[in-house]
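Subject: Structure for your review

Dear colleague,

Please find below the structure that I am handing over to you. My notes on what was found in it follow directly after.

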Amino acid sequence: RFPIHGETPLSITFSSTVMHFHFIFFVSLQIALVINRSITIAFRPNRKLTPSLFPHGHITHQIRGGALENADDDGDDEGGETTTSTSQDTSRTMYNKQATNWVRTEPRCLSDFTGRPVVFGMLEEELGKDNTDKIVLDVGCGEGYCARKVIELGAAKVVGSDISREMINSAKITSEGDDRFRYYVCPVGQLIQGLNEQVDDIGIESPEGGFDLAMAVFLFNYLTTNDMENAIVQVYQALKSGGSFVFSVPHPSMIFCHDKGAVFRLDSEGEGYYSSRNKKILGQISTIDGTKLNIMSVHKTVGDYINAINAAGFQIVDIQEAGVTDEHLALHPEFFSSVQDRPLHLVFKLKKP
């Protein structure tokens with residue numbers, strides 16, 4: 001296990017690959033601890049990380065060989081392949097082409113089993129509070145799978161935005177005119193502007209401070225660091241005081257997962273953890289019926305996420321590393337075994353003070 005804050009690490013024993021994954025995550029979080037020694041973090045056997053609060057401040061990378069210590073303002077780094085426009089254009093084109101492949105009414109792709117249930121669990125905790133109707137903002141809603149699930153969990157209304165017109169069309173068709181869903185096409189960088197333009201249709205008084213909860217499920221891996229920071233600030237503006245924001249991303253250590261036969265892989269062979277920051281990396285994730293879906297990850301470090309969260313003003317309530325469980329292996333060992341014992345996703349739960 002990793003040491004709890006204040007303890008001295010005695011020994012860490014993993015297979016060489018898993019040790020590499022977790023060492024990076026461990027180092028990044030230990031740097032965060034150095035910023036403010038009053039933080040208490042508890043690591044539990046289910047790989048769940050519960051910090052009481054991360055301090056406002058920045059984590060800088062000072063590992064020998066790291067190509068970048070401070071990102072440029074435009075979010076692009078030496079050695080990267082992507083710019084703000086090309087990463088979002090790529091995601092728009094990718095999802096316009098394969099929108100119908102993503103439509104489902106039950107868990108189908110790998111992350112429906114391993115990542116999204118963690119997101120839903122965090123949201124369900126908030127939806128059950130106060131016995132009041134909750135309005136949820138779904139940023140990067142895709143074809144509406146997560147929006148529909150959140151309605152099942154008790155949300156009164158979900159407002160979803162996505163850069164892909166075909167995904168939004170699929171979401172509208174699947175919701176079948178249900179008034180609890182509102183969908184519109186909008187790049188994440190224009191989130192507040194788009195909400196203002198749609199305010200009459202959405203049915204809220206003001207987009208700023210108008211939402212109880214927000215979620216962004218596997219959105220930020222399509223954005224540069226700079227774009228992600230801007231998006232998180234706009235989500236902060238959209239939430240009411242005390243509102244929660246839950247988002248999921250591929251685990252940054254997935255850059256080392258490029259096995260050809262794995263059901264979740266990136267075309268990242270030879271890429272470095274720090275030197276590949278903001279580099280656009282393509283990959284695939286499989287469905288349980290064998291369909292391969294194209295994905296993209298604009299690589300970020302753990303520190304990039306922590307810094308963006310702190311800069312926006314959010315408090316971190318919970319972080320979980322999600323992956324394959326024993327239950328998954330019992331359900332379908334052939335499907336899940338290629339990515340077992342790996343941290344596949346990071347899921348953050350944040351609160352606006």
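Is Ala-238 buried or exposed? With a relative accessible area of 0%, Ala-238 is buried; here buried means under 20% relative accessible area, exposed over 50%, and partly exposed in between, for a 1.4 Å probe and protein chains only.

Before the details, two remarks on the basis of these notes. This is a predicted model, in which local features need pLDDT of at least 70 and side-chain atom pairs count only at pLDDT 80 or more, while totals for chains, interfaces and linings use all residues. Residues are numbered from 1 along each chain as its sequence is written, and side-chain values use heavy atoms, with hydrogens and water left out.

Confidence and overall make-up

The average pLDDT of the protein chain is 79, and 71% of the residues score at least 70; pLDDT is the predictor's confidence in each residue, from 0 to 100. Residues 1–19 have a pLDDT below 50, and beyond near neighbours in sequence this stretch has 18 contacts in the model, a contact being heavy atoms within 4.5 Å. Over residues 30–85 the pLDDT likewise stays under 50, and the model has 122 contacts beyond four places in sequence for them.

The protein chain contains 12 helices and 12 strands. These are DSSP runs numbered from the N terminus, with helices (H or I) of at least four residues and strands (E) of at least two. Of the 353 residues in the protein chain, 55% are buried. Among contacts with a separation of 6 or more, 69% are between residues 24 or more positions apart.

Helix H9 and Ala-238

Ala-238 lies in helix H9. This helix covers residues 225–238, and at 1.5 Å a residue its 14 residues should span 20 Å; the end C-alpha atoms are 20 Å apart, which agrees. The expected span is 1.5 Å times one less than the number of residues. Besides Ala-238, the buried residues of H9 include Asp-227, Met-228, Ile-232 and Val-235.

Leaving aside neighbours within four places in sequence, Ala-238 is in contact with residues including Leu-137, Ile-192, Leu-195 and Phe-211. Leu-137 is 101 residues from Ala-238 in sequence, yet the two are 8.3 Å apart in space, C-alpha to C-alpha.

Nonpolar cores

A nonpolar core is a set of buried Ala, Val, Leu, Ile, Met, Phe, Trp, Tyr and Cys residues joined through side-chain atoms within 4.5 Å. The largest such core has 64 residues, and those with the most contacts inside it are Leu-195, Phe-220, Phe-245, Phe-247 and Phe-348. Helix H10 (residues 302–312) gives the most to this core, with 6 residues. Apart from this core lies another, of 26 residues, among them Phe-120, Leu-123, Val-158 and Val-347. Beyond four places in sequence, the contacts of Phe-247 include Phe-220, Tyr-305, Ile-309 and Phe-348.

Strands

Two strands pair if DSSP finds at least two bridges between them. Strand S9 (residues 280–286) pairs with S10 in the antiparallel sense over 7 bridges, and Ile-281 has Ser-297 in S10 as its bridge partner.

Elsewhere, strand S11 (residues 315–322) has 6 of its 8 residues buried, so S11 is largely enclosed by the rest of the structure. S11 and strand S12 (residues 345–351) run antiparallel and are joined by 7 bridges; the bridge partner of Ile-319 in S12 is Phe-348.

Backbone points to inspect

Most residues other than glycine have a negative phi. Glu-176 has a positive phi, near 55 degrees, and lies in the loop between helix H6 (165–175) and strand S5 (181–185). Glu-176 is exposed, with a relative accessible area of 71%. Asn-278, in the loop between S8 and S9, also has a positive phi, of about 70 degrees, whereas Asn-278 is buried at 1% relative accessibility.

Helix H5 (residues 145–152) is mostly covered, with 6 of its 8 residues buried, including Tyr-145, Cys-146 and Ile-151. Gly-154, which follows H5, has a positive phi near 120 degrees.

Yours sincerely
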